Structures are given as structure tokens and as C-alpha cells.
Amino acid sequence: MRDSHRKKEATAIRRAILRRRRRRRRRFFLLLELIILLILVGSTYLYSKFDLMNYQSLEHKNLEVYKDTGNYTNIALFGLDSREGELDGGVRSDCMMIASINHKTDEVKIISVYRDTLLRQSDGSYSKANSAYSYGGPAEAIALLNRNLDLDIQKYISVDFNAMVDIVDALGGVEIDVQEEEIIYINGYSTEITKVTGVDTQPVVSTGPQTLNGVQATAYARIRYTSGDDFKRTERQRLVLQKIVEKAQQSDLATLNQIINDVLPQISTNLTAKNFLGLAANGLKYKIGEMSGFPFDVTTSENVRGLSGSYVIPIGLSDNVSQLHAFLFDKSEYPPSDQVQEINDDIEYLSGVNSIN
């Protein structure tokens with residue numbers, strides 16, 4: 001009976017994810033969009049603002065880089081659940097994305113890694129994907145992605161999740177179609193965000209399309225307790241980012257300058273000024289590709305050996321990694337590494353979930 005229920009649950013999730021993948025989105029991650037917008041005010045301006053960011057050098061040997069993926073630059077993007085401005089560790093990453101830039105086609109694809117995904121940590125134990133940042137900062141989080149997904153990520157950008165408050169308010173709010181089940185959580189998270197940021201807000205009292213301010217929009221993006229759980233949360237995050245980008249594209253330079261001044265101090269990165277200029281130089285040529293979530297074939301479980309809580313379980317990690325490389329790098333016959341296969345077997349043992357269930 002349980003297996004039958006799990007099959008139905010997994011099938012429903014897979015169908016929902018496939019529907020989302022078929023809808024090609026013109027969505028772009030905010031930080032990369034801001035890089036492109038910086039072109040409008042010139043390279044000298046970019047250099048003048050670079051010192052506002054928290055630059056963090058990472059040792060290559062700690063990143064567990066797998067073999068080179070070729071003509072691609074892969075950048076890890078982390079949205080942090082920070083209360084005191086912690087950007088370099090000690091907090092979990094609420095949002096985990098990989099932006100992959102194809103330098104032959106100038107296409108950019110973005111994959112969201114579900115934060116609760118059961119993956120191998122640096123000490124060989126298994127835990128949620130988002131715990132790596134808390135344990136060892138950006139280096140540990142990058143290593144987790146490389147170790148479990150056969151990737152060669154070496155660069156990252158981390159943002160205090162509450163930076164969204166400043167961005168949305170500078171843009172005059174964003175329009176969101178609020179559902180009945182979301183109101184209680186928007187208001188609950190808004191109270192917490194106000195305590196952390198000191199930014200006042202009002203409760204959301206009605207459903208339907210409406211303009212949310214910075215606190216409300218950030219609260220909306222953090223909801224994970226309605227139907228769809230963390231899968232729905234990543235959709236909300238992408239929607240808010242889409243709305244931000246749409247409004248930023250229509251904003252004047254004074255507004256963009258305010259956003260840049262507010263946001264850059266809340267960024268940690270190991271991208272150098274030269275790296276940023278390299279991205280910006282080609283920014284207008286980029287074509288925005290698909291966004292999706294990882295794992296592609298997935299279920300959830302609260303029955304993981306030796307662990308408590310609810311986990312996102314890849315249904316066959318090896319198969320999911322092959323799909324990931326096909327999605328990002330057009331490698332239709334990618335054979336996962338022996339390490340990924342070993343992790344696959346461990347996850348099957350710990351969760352009791354495998355690709356033939």
C-alpha cells in the first residue's frame with residue numbers, strides 16, 4: 001500500500017515538474033540581470049562599486065571539482081537564511097541554484113537544487129543539501145554540488161535573503177496573485193522578517209493579484225508549508241525574481257543605482273572584478289534558456305535510516321545526474337562517476353527508494 005501511494009506521489013510530482021519544464025521562461029536570476037544592467041553605466045562604474053561586496057577567496061582543493069564540463073561557466077547561487085548578515089557560513093542556504101553559461105551559444109540555463117534533498121556531506125554522512133553551507137560556508141556548499149552531481153563549479157554568489165526586501169521596496173513592490181492558503185504564512189513570515197530587518201509592513205488581508213512590498217514579497221518567497229511543499233516554494237522564489245527583473249528592466253538609472261548600493265553589501269562572492277567585467281561584456285548576447293528543479297525524478301520521505309525529518313529523495317540519483325548533464329550540457333549519454341553511483345546506492349539503502357519502485 002505504501003509503495004502504491006509512493007508511486008502515485010512520485011508520478012504526480014514528476015508530471016508537475018515536466019509541465020513546468022515545458023514552459024520556457026524568460027526568467028533570469030536577479031544578480032546576473034544586475035550584471036547586465038551595469039553595462040548601461042559602464043565598466044568604470046562597475047569597478048567603483050565592486051568594493052561594496054564581500055569578496056571571499058576559496059581554495060580550489062576544497063571544492064572537489066570534477067572533470068571540466070567544457071565550454072561552460074557554472075556558478076553556484078545561494079540565497080541565505082541570514083539573521084545577522086552572515087554570508088560566509090553558520091546559516092543554511094534557503095535557495096540553491098546553478099547558473100550554467102554556454103559560451104558557444106550564449107545560452108544560460110538555471111537549475112534549482114531542492115534544499116531538502118538527501119545528499120552526501122564532506123564527512124561521508126548524509127543530510128539535507130542546504131546544511132552544507134551552514135557547516136562550511138560557500139566552499140562546502142560548492143563541494144557538495146560538485147561531489148554529488150559530477151560538476152566543476154568554482155565560482156559562487158551568495159546573497160542575504162533579506163536583500164530582497166530592499167530590492168522590492170526600491171522598485172515600488174511587485175504584483176503577486178495571492179492564494180487563500182498563503183495569507184497566514186505571508187503574515188507569519190512578515191512578522192519575523194520585520195524583527196530581523198526593522199522594516200515595517202502591513203498584513204495581507206485579501207486574495208487575488210496585489211502589489212506586495214519588500215517584506216511581504218520576501219515572506220511569500222519563503223512559504224513552504226502549503227500544498228507542494230518545497231517544490232512550490234522554489235516556484236514562488238522564481239516568480240518573485242521574475243517580477244523583480246521585469247520591473248528592474250523598466251526602471252531608471254537612479255532606481256537601479258539605489259538597488260545596487262543597497263544590495264552589493266549583502267553579497268558574498270569569489271568572482272573578481274575581472275570576472276564580472278567578462279560576464280558583463282557578453283551580457284547582452286546571452287539568450288535565456290530553461291529553468292528547472294533538481295532532482296527531476298523525486299519523492300519525499302520521513303523514513304530515512306538514522307535521520308529525522310522530511311527529505312527530498314531522488315528516485316535514482318545516477319539517473320537524475322545523467323538528466324542534469326543532458327539538461328545543462330546537452331550530454332544525452334552521460335555516464336555518472338563511480339562516486340555518484342556509490343552515493344546513489346547509499347541513498348537507496350537509507351531511504352528504501354530506488355528507481356524500480
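Q: Where is Glu64 found?
A: Glu64 sits in the loop between E1 and E2. Keep in mind that this is a predicted model.

Q: Is Glu64 buried, exposed or partly exposed?
A: Glu64 is partly exposed, with a relative accessible area of 34%.

Q: And what is phi of Glu64?
A: Phi of Glu64 is near 50 degrees. That is a positive value in a residue other than glycine.

Q: Which residue forms a salt bridge with Glu64?
A: Arg147 does, and the closest N and O atoms are 2.8 Å apart. Arg147 lies in helix H4 and Glu64 in the loop between strand E1 (54-55) and strand E2 (72-80), so the bridge ties together parts that are 83 residues apart in sequence.

Q: Is Arg147 buried or exposed?
A: Arg147 is buried, with a relative accessible area of 3%.

Q: How many salt bridges are there in the whole structure?
A: A search finds 8 salt bridges. One of them joins Glu342 and Arg120, with the closest N and O atoms 2.7 Å apart. Glu342 is in helix H12 and Arg120 is in strand E5 (residues 118-120), so this pair links parts that are 222 residues apart in sequence.

Q: Which of those two counts as buried?
A: Arg120 counts as buried, at 11% relative accessibility. Glu342 is partly exposed, with a relative accessible area of 42%.

Q: Which residues do salt bridges that share partners join into one network?
A: Glu64, Glu140 and Arg147 are joined that way.

Q: What about Asp116 and Arg115?
A: Their side chains meet in a salt bridge, at 3.4 Å from N to O. Both Asp116 and Arg115 are buried.

Q: Let's switch to helices. At what angle do H4 and H12 pack?
A: Helix H4 (residues 131-149) and helix H12 (residues 338-351) pack at an angle of about 90 degrees. Their axes are 7 Å apart. H4 is therefore roughly perpendicular to H12.

Q: Which residues meet there?
A: From H4, Arg147, Asn148 and Leu149. From H12, Gln339, Val340 and Ile343. By class, this contact has 3 nonpolar, 2 polar and 1 charged residues.

Q: And how do H5 and H7 pack?
A: Helix H5 (residues 163-170) and helix H7 (residues 214-222) pack at an angle of about 130 degrees, with their axes 7 Å apart. The two helices are therefore oblique to each other. H5 passes H7 in a right-handed crossing.

Q: Which residues make that contact?
A: H5 brings Met164, Val165, Val168 and Asp169. H7 brings Gly214, Val215, Ala217, Thr218 and Ala221.

Q: How does the contact of H5 with H7 split by class?
A: There are 6 nonpolar, 2 polar and 1 charged residues in the contact of H5 with H7.

Q: How many residues of H5 are buried?
A: Of its 8 residues, 6 are buried, which leaves H5 mostly covered. The buried ones are Ala163, Met164, Val165, Ile167, Val168 and Ala170.

Q: What about Asp330? Where does it lie?
A: Asp330 lies in the loop between helix H11 (317-329) and H12. Asp330 has a positive phi of about 55 degrees, although it is not a glycine. At 56% relative accessibility, Asp330 counts as exposed.

Q: Which residues does a cis peptide bond join?
A: Phe294 and Pro295, with omega at about 5 degrees. Pro295 is in the loop between strand E11 (287-294) and strand E12 (298-301).

Q: Zoom out for me. How many helices and strands does the chain have?
A: The chain has 12 helices and 13 strands.

Q: What share of the residues is buried?
A: Buried residues make up 57% of the 357 residues in the chain.

Q: Last one. Among contacts between residues at least 6 apart in sequence, what percentage joins residues at least 24 apart?
A: The figure for the chain is 75%.

Conventions. Residues numbered from 1 in each chain as written. Predicted model: local features only at pLDDT ≥ 70, side-chain atom pairs only at ≥ 80, totals over all residues. Heavy atoms only, no water. Axes fitted to C-alpha atoms, helices over the stretch in contact; angles between N-to-C directions. Helix = DSSP H or I, 4+ residues; strand = E, 2+ residues; numbered from the N terminus. Parallel < 35°, antiparallel > 145°, perpendicular 65-115°, else oblique. Left-handed = near helix turned anticlockwise from the far one by under 90°. Contact = heavy atoms within 4.5 Å. Nonpolar A, V, L, I, M, F, W, Y, C, P; charged D, E, K, R; others polar. Salt bridge = Lys/Arg side-chain N within 4 Å of Asp/Glu carboxyl O. Buried < 20%, exposed > 50% of the residue type's maximum accessible area, 1.4 Å probe, protein only.
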